[in-house]
Amino acid sequence: MYTPIVKDLVLVGGGHSHVIVLKMLGMRPIPGVRITLITDASDTPYSGMLPGHIAGFYSRDECHIDLRSLANFAQAQLYIDRVVGLDLSNNKVICANRPPVSFDLLSLDIGSTPATISVPGAAEYAIPAKPVAQLLTYWEKVTENFAQNPQQVIKIAIVGGGVGGVELALSMQANLQGIISQRVGSRGAGEQGVEEQGTGSREQGARSKGAGSREQGSREQVSREQGSREQGAGAREQGAGSKGAGSREQGSREKKIIRICKSIYFNVIPN
Ligand SMILES: Cc1cc2nc3c(=O)[nH]c(=O)nc-3n(C[C@H](O)[C@H](O)[C@H](O)COP(=O)(O)OP(=O)(O)OC[C@H]3O[C@@H](n4cnc5c(N)ncnc54)[C@H](O)[C@@H]3O)c2cc1C
C-alpha cells in the first residue's frame, strides 16, 4: 500500500549516533517519514574495534560499518557529500556538490574534532584521533616506515590519558612490537623472508605466530566487547591454530565474532 510522504527527516553525519538511529528506524519504520542520510563517506569506523585495527588484529573492512547497506535496511536515501551550510529560512541543507536538500526535521551529528587550531604546535606536529580516516592514513604510514626499518627508534606521545588514549597507546605498542617480533622471527628463515615481508604479511604473522602479547591482547579485546570473557577467549584460542587448512575456518570464526561484537554494540541501545 502506498503511504504518502508527510515528513522529511534528514540526518547529517553517518557516525555512531546516526548508525544507531538508522538501525532503529529500520527495525521500526515510521509510516510517512522519508529518511535521508547525508554524510561524507560511505562507511564509518566502529570505534570499539578501532584500537584492535590499530594493533593489527582486524582489517580496515572488519572494523567499518557499511552505510550503504545500513541505509538500505532503513529504507533511507543516502547522499555521500559534505554539508557546508544550512539555510534555516527555507529548511534546506547546503551540500558541497549536490543541490540543497529540504527537511522538516533535521538531526546534525557530525562528531567532534580535536582543537588543533587553538593548541600551539598541534596543527604541525599532532595527528588528531578524529577524523578517524585521517588517523588511519597516518598510522599506516608509520607502520609501513617502521616495517622497512625496525631498528629505528620511534617515540610516540599520546595527548590525552583517557580510555581512548590508553587504548591507542597499547594498540600502537602491540603493533610495533609485532613488527619487531616478526623481523626477529624471519631472520631465522633467511634474508629473503625479511625482503618478502610486506605490511600484508604482518596481519598473517599476528594471527599465526601468537606473538605473546598481541594474541593475548586480541583475546581480551574480543572478550571485552562480547561481554563474555570466557566465550571470547575460547573462540579466539580455537581460531589461533596453525595456518593452512585451518586458516579459512579461523577467518570465518573471527568474522563471526566480529559480527557478534557489532550486534552486541547495537543491542545495548534500549528499544
Ligand atoms: C580510539 C577511539 C576509541 C573509541 N572507543 C569507543 C568505544 O569503545 N565505545 C564508545 O562508545 N565510543 C568510543 N569512542 C568514541 C566514539 O567514537 C564517539 O563517541 C562516537 O563516534 C561519536 O559519534 P557521533 O555520531 O557523534 O560522531 P562520529 O562517529 O564521529 O561521526 C560523525 C560523522 O559525521 C561525518 N561528517 C563530519 N563532518 C561532516 C560534514 N560536514 N558533512 C557530512 N558528514 C560529515 C563524519 O564523516 C562521520 O561519519 C572511541 C573513540 C576513539 C577515537
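Reader: From which domains does the shell around the ligand draw at least three residues each?

Author: The model is a predicted one, and in it 26 residues surround the ligand, with G13, G15, S17, S47 and G111 the closest. The elements that give two or more residues to this shell are α1 (16–27), β2 (33–39), α2 (50–54) and α6 (163–188). At least three residues of the shell come from each of domain 1 (7–108) and domain 2 (122–267).

Reader: How many residues of the shell around the ligand are charged?

Author: Sorted by class, the shell around the ligand holds 9 nonpolar residues and 12 polar ones. The remaining class, the charged residues, contributes 5.

Reader: Does T113 count as buried or exposed?

Author: T113 is found in the loop between β9 (105–108) and α4 (122–125), and, leaving aside neighbours within four places in sequence, T113 is in contact with P128, K130 and P131. Of these, K130 is 17 residues from T113 in sequence, while their C-alpha atoms are 5.5 Å apart in space. Because T113 has 12 C-beta neighbours inside 10 Å, and 12 or fewer is the cut-off, T113 counts as exposed.

Reader: Which residue of β7 is the bridge partner of V83?

Author: The open sheet of 3 strands runs in the order β6-β7-β8 with antiparallel pairing, and its edge strands, β6 (83–87) and β8 (101–102), each pair on one side only. Between β6 and β7 (residues 92–95) the antiparallel pairing extends over 4 bridges. In β7, the bridge partner of V83 is C95.

Note on methods: Residues numbered from 1 in each chain as written. Predicted model: local features only at pLDDT ≥ 70, side-chain atom pairs only at ≥ 80, totals over all residues. Pairing = 2+ DSSP bridges. Near = placed C-beta within 6 Å. Nonpolar A, V, L, I, M, F, W, Y, C, P; charged D, E, K, R; others polar. Domains from an automatic or database assignment. Buried ≥ 20, exposed ≤ 12 C-beta atoms within 10 Å, placed from the backbone. Contact = placed C-beta atoms within 7 Å.
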